[in-house]
Each structure stands twice: as structure tokens, then as C-alpha cells.
Amino acid sequence: CILHCFLFLLVFGRAIHAIARVSDEFWFDPVEKGLALRSVNSSRSAYAYVFFSSMFFQRYCWTAVSQPCQKEKQLSLPCKLIIKSILPVFRCVNVLERNVEKCSIYTNVNDHHITFQLLCKHGVVKTYNLTFQECDPLQAVFAKHMCPNILKVHSRLLADIMIHFPTSQEEVTLSVTPVKVCLKSYAEEDTGFSKTMLTEIQLNPDEFDYFQVGVDSEVTFCLKELRGLLAFSEATSVPVSIHFDISGKPIAFGIEDTVLEASFILATLSDVEKETASQQPPCVSQRQESNAEAAASKKPRWNGNAPNTESAKPTSPLAKQEIKSIPRVAKKGTTGVAGTAITEAEDRAVLEGEATESLSYFYKYCIFQFHSLFFGAVCYKEKDAISHTFHSLATPSDAEEDFGSGQSSQV
Amino acid sequence: MRFRAKIVDLACLNHFSRVINTIAKLAKTCTLRLTVSKLYFILSDKVANGGVSMWCELCQGNFFDEFQMEGVAAEHNEIYLELVPENLSRALKTAQNAKAVKIKLTNKHCPCLRVAVELPSLSSSSRIVTHDIPVGVIPRRLWNDFREPSVPDFDVSIYLPVLKTMKSVVERMKNLSNSIVIEANLSGEMNLKIETDLVSVTTHFKDLGNPPWASEDGCQSSAQGRDLENMAEARIDIKKLQQLLAGQQVNPTKALCNIVSKRIVHFILLHEDVSLQYFVPALA
């Protein structure tokens with residue numbers, strides 16, 4: 001496809017920097033409606049998604065080049081870029097705004113290049129040709145609307161709060177009740193005589209633009225990855241919305257306005273440390289069960305769909321149900337056709353999932369299940385923590401091991 | 001053992017923060033001594049510090065609106081705590097426009113100084129930021145290690161040049177050499193010298209003035225009867241000098257140093273309500 005656009009550098013640059021905090025590489029996914037950038041960190045505990053609609057750009061031309069390949073017609077060609085190659089382009093966003101008059105992005109599928117061209121003052125033109133690698137799409141499904149706790153706050157307030165934590169602070173705990181909000185630094189229990197300073201901030205619900213607490217909860221997540229989003233939201237001055245549930249379930253920070261949308265989904269620490277020495281029946285069934293009952297109490301949407309728990313395959317109603325309830329995050333960038341393809345992937349993957357369950361990676365964090373066609377599902381020890389509501393619909397790139405090869409950027 | 005204190009006045013708070021920032025630049029860990037009327041930040045001369053020692057004294061009344069302290073015992077109404085001043089500095093950094101700052105000694109899981117900053121917020125109730133700074137309680141049997149060092153029997157005492165100037169000179173010299181020689185005489189002249197294989201640089205200051213020290217039973221006799229032009233000198237670690245100068249955020253009312261030739265340099269920086277003494281031993 002051919003993508004051609006000029007853009008607001010500051011905001012775009014901040015988005016790149018925010019994504020860079022999550023991972024070294026990101027998915028560059030131009031579609032008809034706009035440009036989507038996604039990334040996920042190596043431990044799968046943080047996922048970033050930024051979508052710029054075509055209206056964000058001064059000019060946005062996207063031409064579909066249909067490729068007769070694979071079972072589905074891919075109308076969009078997602079590709080993966082190493083972020084280090086693009087960061088220099090947007091290194092000093094503030095300076096950039098002053099010196100650069102236009103920035104355009106061209107892609108040429110045939111020779112696997114994305115070109116960033118900066119037209120600067122005094123007739124200077126900087127051209128960056130970055131090689132990309134084709135890959136399978138990356139997407140996370142997270143049902144924001146299913147979260148009982150929703151907070152909306154202006155990014156200024158969040159920044160004012162985060163400033164009290166040292167930049168080295170890795171993790172923080174957000175704890176809410178209907179009358180109180182508290183954010184505190186998190187330190188591992190087993191450091192013995194803790195030598196570190198602990199900071200705690202108490203806020204009044206009044207300070208939030210929107211405050212809904214359906215269930216008292218305490219979630220611990222990584223602050224480092226979030227700071228990127230905070231800087232980004234300050235640039236856009238769009239309020240930040242926070243969707244979360246109980247500990248163990250992911251927390252989503254998002255901003256949205258008419259021309260752009262961003263979601264940062266972070267895994268949260270699960271309280272349940274106990275190991276599943278008793279590896280119960282496949283993730284699938286457990287999931288479905290807990291989902292069914294959880295769902296029943298939360299929203300009527302899922303009811304009546306108690307899937308047969310013992311079966312090795314997900315029932316098609318279930319699969320279909322998922323597609324139906326795709327939250328916005330997933331909707332963008334997927335075509336209907338791709339949706340079907342994804343279902344297939346799901347089916348197969350779940351099978352694989354069970355097979356490899358015994359591998360059981362012991363993750364303290366769990367965000368969502370990646371069903372991978374290539375290397376087995378990653379299963380999490382805390383079954384309670386697994387929420388059915390978010391499945392990744394796609395595989396991470398199979399080239400995880402070998403993406404280093406052939407990925408070069410001529411900057 | 002109890003301690004609680006409160007600062008409500010912003011000017012006092014900023015002043016206190018500045019003192020803490022200075023201390024934080026000089027010592028990674030130090031001892032905080034609390035008495036009914038004063039606070040002391042003490043660094044005793046251990047090999048780990050490179051032999052430097054520090055004594056900083058503040059009158060609590062000049063900073064705190066409320067100050068209550070109960071020491072370990074009635075006859076020893078003092079508290080000695082070991083802490084990392086950088087933590088305290090960080091806790092106070094974001095309290096620039098606080099409504100109030102409360103400091104309390106607590107012992108939940110371990111002894112901590114709890115700094116609670118009450119910040120204004122848009123809502124009806126204030127935002128409260130609490131920092132728990134871990135501290136170590138120093139037992140009474142070790143208190144002797146932290147006595148006020150006595151003013152050494154110096155050869156020359158001289159006022160320092162304008163600190164800002166001295167700081168920029170020393171900073172440039174720091175790039176060239178690890179040690180610096182301070183020499184001064186009783187005629188108000190001071191030289192800062194560095195010497196390496198490639199280059200030697202000397203900066204001369206004059207008309208600095210020499211502080212008059214009241215002689216106590218002639219213990220300053222080594223300074224009297226001394227040839228006015230005769231330089232006393234000591235070679236010290238340049239980083240220590242640079243840290244001292246870099247940490248000064250406000251110009252002191254008085255700044256002077258006492259030099260014991262080839263032994264030690266004793267810096268004294270006096271502000272209205274804070275006094276800071278810094279001892280740097282001479283290098284071999």
C-alpha cells in the first residue's frame with residue numbers, strides 16, 4: 001500500500017517516544033481509516049496502541065494493493081519496524097516543531113521500505129529510509145466496557161501526581177474505594193529492611209473528571225511504561241481514561257479524541273501467588289467457566305453462552321461471541337475478512353494452548369493470552385487472573401528469534 | 001522516643017529544603033541529631049568518607065512552627081538517626097507550594113521519618129503526599145562518635161572569595177586534576193593551584209580579609225606572631241571542595257576557611273540560622 005501523509009510532529013513524535021518505552025520494535029499498520037502503531041514488550045506485560053485517523057494528517061493517501069496470498073485477502077500490510085531506527089527521526093520533538101516544516105511518510109511495499117522525509121528550514125531535506133519486515137498483525141483485545149472501575153482525569157493532574165515518585169520507581173499500586181483514591185510506590189516484600197523511600201499519595205474522588213468505582217481494588221503496575229503515555233497525553237491535552245478491575249486483571253490507560261486514539265494496556269500484579277501445582281483442565285475451560293459466572297454477574301451480554309467446558313475446542317458460539325464483542329481497539333484495522341481468519345487462528349491456537357499448557361510459564365503478571373500459531377499459548381498460573389474478555393487475536397511475529405537478521409535501517 | 005514537627009510557612013520550608021539539598025550534596029548518609037532546640041546533620045570522619053567530616057547546626061525555632069521531641073531518656077533528651085539526606089531532599093522537592101509539611105518519627109515495619117506534605121488541590125480536601133524515609137536509630141553507646149569537632153589549631157584563617165567565582169574556578173580545575181592546593185596567608189591572599197604533568201594553573205585572590213579570632217588563653221598562638229606573607233597550604237581532593245561549593249544554593253553571610261598546613265582545611269559557612277562546618281583532610 002502506499003501511504004503518504006504529513007503530520008503534527010510534536011504529537012506524533014511523542015507517540016513514538018511513548019511506544020519506545022514499551023518495546024524496541026513496533027508495528028506500523030496503515031489502513032484506510034488511518035495509521036495504527038502498536039507495540040508489545042518482551043514479557044507481554046505491556047501493550048501500546050496509537051491510532052491516528054486520516055484526519056490527523058494534512059494529507060493521507062492510502063492505496064490498497066491486494067495481494068493474492070494466503071487464505072485471506074490482506075488489504076492492509078502491517079509491518080514491523082525497529083524503533084531505534086525511527087527514534088532519531090523524532091529525537092527532539094520540541095526542536096523538531098521549530099525547524100521542520102513538513103514531514104511525509106511514504107511506504108513502498110515492493111522494496112520493503114518506509115521513508116520518512118523531513119522538509120526543514122533553509123531548504124534542508126532529511127530522508128530516512130527504514131527497512132521493514134512483514135509480519136503478522138498484532139492486536140490485543142481488551143473489553144474496556146467490562147471494567148467496573150473507570151476514572152477520567154486530565155493529564156495535567158496525572159503528571160502532578162507522578163512527579164512525586166522518583167523516576168527510578170518501577171512499580172506503583174493504585175488502590176480505590178468509592179470514597180478514596182490512593183497511589184503508592186510498590187516495593188517487593190522480601191527486601192527485608194527496606195532501604196527505599198516509599199511514597200504514597202491520597203486523592204479525593206472530586207479531583208477526577210469522572211469517577212466510577214464498581215469494586216474496591218488495588219492494582220499494581222509498571223510505572224515506567226506509563227510515563228510515555230503521560231507525556232503523549234500532555235502533548236495532546238486530551239483527558240486520560242483509566243479502566244481497570246481487580247488485581248491481576250489488566251489496566252488500560254487511554255486517550256481519545258476526534259483524530260486520534262491511544263491505549264496502553266498494562267498487566268497488573270496478581271495477588272494470587274499460589275501455584276497451580278494442580279494444573280487443572282485446560283485454560284480454556286477454566287476461563288470459560290469463570291467468565292460465564294463473572295459475566296453473568298456483570299453484564300447480560302455473555303449469558304446463555306456457557307460453553308461446553310470439557311470440550312477441547314472452543315465452541316463456535318463462543319468464538320463468534322468474541323468477534324461480536326470486539327472492542328474498538330481491535331476493530332480498527334481489521335477487516336471483516338480478517339475477522340474470520342482470526343477465528344480460525346483462535347480455534348487452532350486454543351488446541352495448541354492446551355497441549356502446551358504443561359509448559360506453564362510462571363508469570364506473575366498476566367495480561368492477555370496470546371494464541372500463537374507458532375509457539376504455543378502462554379498460560380498463566382493464576383487461573384482467576386485470566387479473564388476471558390481479552391484474547392489477543394493474533395500472533396506475535398514468528399520471527400521473534402530471528403528478527404534481528406535482515407532488519408537494517410539505512411538512516 | 002518521639003518526634004514530630006510541622007512547617008507551615010513557605011519561606012521556612014524553602015529555606016529548610018535548601019539546607020537539606022546542601023547536605024545531600026555533601027554526604028550520601030549522615031547522622032541527624034535532634035535536641036529540644038536544635039537539629040544537627042553530622043558526618044563523622046571515617047575512611048569511607050575519605051576522611052571528611054561535616055557538622056551542620058540549625059535552630060529548630062527558625063524553621064518549624066511546631067517541634068516536639070522526646071529523647072531516649074530524660075537525662076539524654078536527644079535522638080540520633082542515621083539517614084540518607086537525598087531521600088529527605090526528594091521528599092521536600094515537590095513541596096514547593098505546600099500548605100503544610102509534617103515530619104514524624106514512626107516505627108511501622110521499621111523506623112521511618114514520615115514526611116507528610118499537604119498540597120492544595122482543586123477539590124475540597126487537600127492532596128496528601130506521604131513519604132516514608134527509612135532511618136536507623138543510633139544507640140546511645142555510639143553517641144560519642146558524633147561529638148562536635150573542635151576548631152583545629154590553624155595556621156591561617158581567611159575569608160573565602162565570592163563562592164560563585166570560586167566554584168567556577170574549581171569546576172574547571174576539576175577537569176584537569178584530582179587534587180588541588182589551597183594556600184593562604186594572613187594578608188588576605190589565597191591561591192588555588194593545580195599541577196599536572198602537562199599544565200599547572202594557579203588562580204590568585206587577594207584582599208579577602210582575615211577573620212579575627214578571639215584568642216582563648218593563647219590557643220591561637222600559632223597564628224599570632226606569624227609572618228603575614230607566609231602561606232599555609234594543604235593539598236586536598238578537588239571533588240570534595242567542588243561538592244561543598246556546588247551545594248551552596250544561597251550566599252552565606254560569612255564564609256571562611258582555616259588551614260592547618262599540610263594537615264587539614266576547615267571550612268565554615270554561616271547563614272543567619274544555619275552554620276555548616278566542613279573538614280577536609282590534606283592528601284598525603
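Let me start with B:Glu233, which is partly exposed, since its relative accessibility is 26%. Please keep in mind throughout that this is a predicted model. The partner of B:Glu233 in a salt bridge is B:Lys262, with 3.9 Å between the closest N and O atoms. B:Lys262 is exposed, at a relative accessible area of 60%. Distant parts of the chain are linked by this pair: B:Glu233 belongs to strand S15 (residues 232-237) of chain B, while B:Lys262 sits in the loop between strand S16 (254-260) and strand S17 (264-270), and 29 residues separate the two.

Salt bridges with shared partners also join A:Arg156, A:Asp160 and A:Glu234 into one network.

B:Lys38 is partly exposed at 21% relative accessibility, whereas B:Glu57 counts as buried because its value of 16% falls under the 20% limit. How many salt bridges does a search of the whole structure find? Over all chains, the search finds 12.

I turn now to the aromatic residues. Over all chains, 13 aromatic pairs are found. One of them is formed by A:Phe208 and A:Phe211: the ring centres lie 5.8 Å apart and the planes meet at 45°, so this pair is classed as tilted. A:Phe208 is buried, at 10% relative accessibility, while A:Phe211 is partly exposed, at 21%. In chain B, one aromatic cluster consists of B:Phe3, B:Phe16, B:Phe63, B:Phe64 and B:Phe67.

On the surface, there is a nonpolar patch made up of B:Met1, B:Val72 and B:Val137, which together have about 230 Å² of accessible area. B:Val72 lies in the loop between strand S5 (66-70) and strand S6 (79-83) of chain B, and its relative accessible area of 39% makes it partly exposed.

Next, chain A as a whole. It has 9 helices and 22 strands, and 56% of its 411 residues count as buried. Its accessible surface is about 17,600 Å², with 53% belonging to carbon and sulfur atoms. Among contacts in chain A with a separation of 6 or more, 66% are between residues 24 or more positions apart.

Finally, the interior. In soluble globular proteins, nonpolar side chains tend to be buried together. Which residues have the most contacts inside the largest nonpolar core? They are A:Phe52, A:Phe116 and A:Phe232, in a core of 145 residues. Beyond its neighbours within four places in sequence, A:Phe232 is in contact with residues including A:Val11, A:Arg14, A:Val50, A:Phe52, A:Ile255 and A:Leu260. Another core, of 14 residues, lies apart from the largest one and has A:Trp27, A:Phe51, A:Leu138 and A:Cys147 among its members.

How values were computed: Residues are numbered from 1 along each chain as its sequence is written. Chains are lettered from A and ligands numbered from 1 in the order in which they are written. This is a predicted model: local features need pLDDT of at least 70, side-chain atom pairs count only at pLDDT 80 or more; totals for chains, interfaces and linings use all residues. Side-chain values use heavy atoms; hydrogens and water are left out. A nonpolar core is a set of buried Ala, Val, Leu, Ile, Met, Phe, Trp, Tyr and Cys residues joined through side-chain atoms within 4.5 Å. Buried means under 20% relative accessible area, exposed over 50%, partly exposed in between (1.4 Å probe, protein chains only). Contact means heavy atoms within 4.5 Å. Patches are made of residues with over 30% relative accessible area and no salt bridge: like charges are joined within 9 Å, nonpolar side chains (Val, Leu, Ile, Met, Phe, Trp, Tyr) within 5 Å. Accessible areas come from the Shrake-Rupley method with a 1.4 Å probe; for residues, only the protein chains shown count as cover. A salt bridge is a side-chain nitrogen of Lys or Arg within 4 Å of a carboxyl oxygen of Asp or Glu. Helices (H or I, at least four residues) and strands (E, at least two) are DSSP runs, numbered from the N terminus. Rings of Phe, Tyr and Trp (its six-membered ring) pair if their centres lie within 6.5 Å; planes under 30 degrees apart count as stacked, over 60 as edge-to-face and the rest as tilted.
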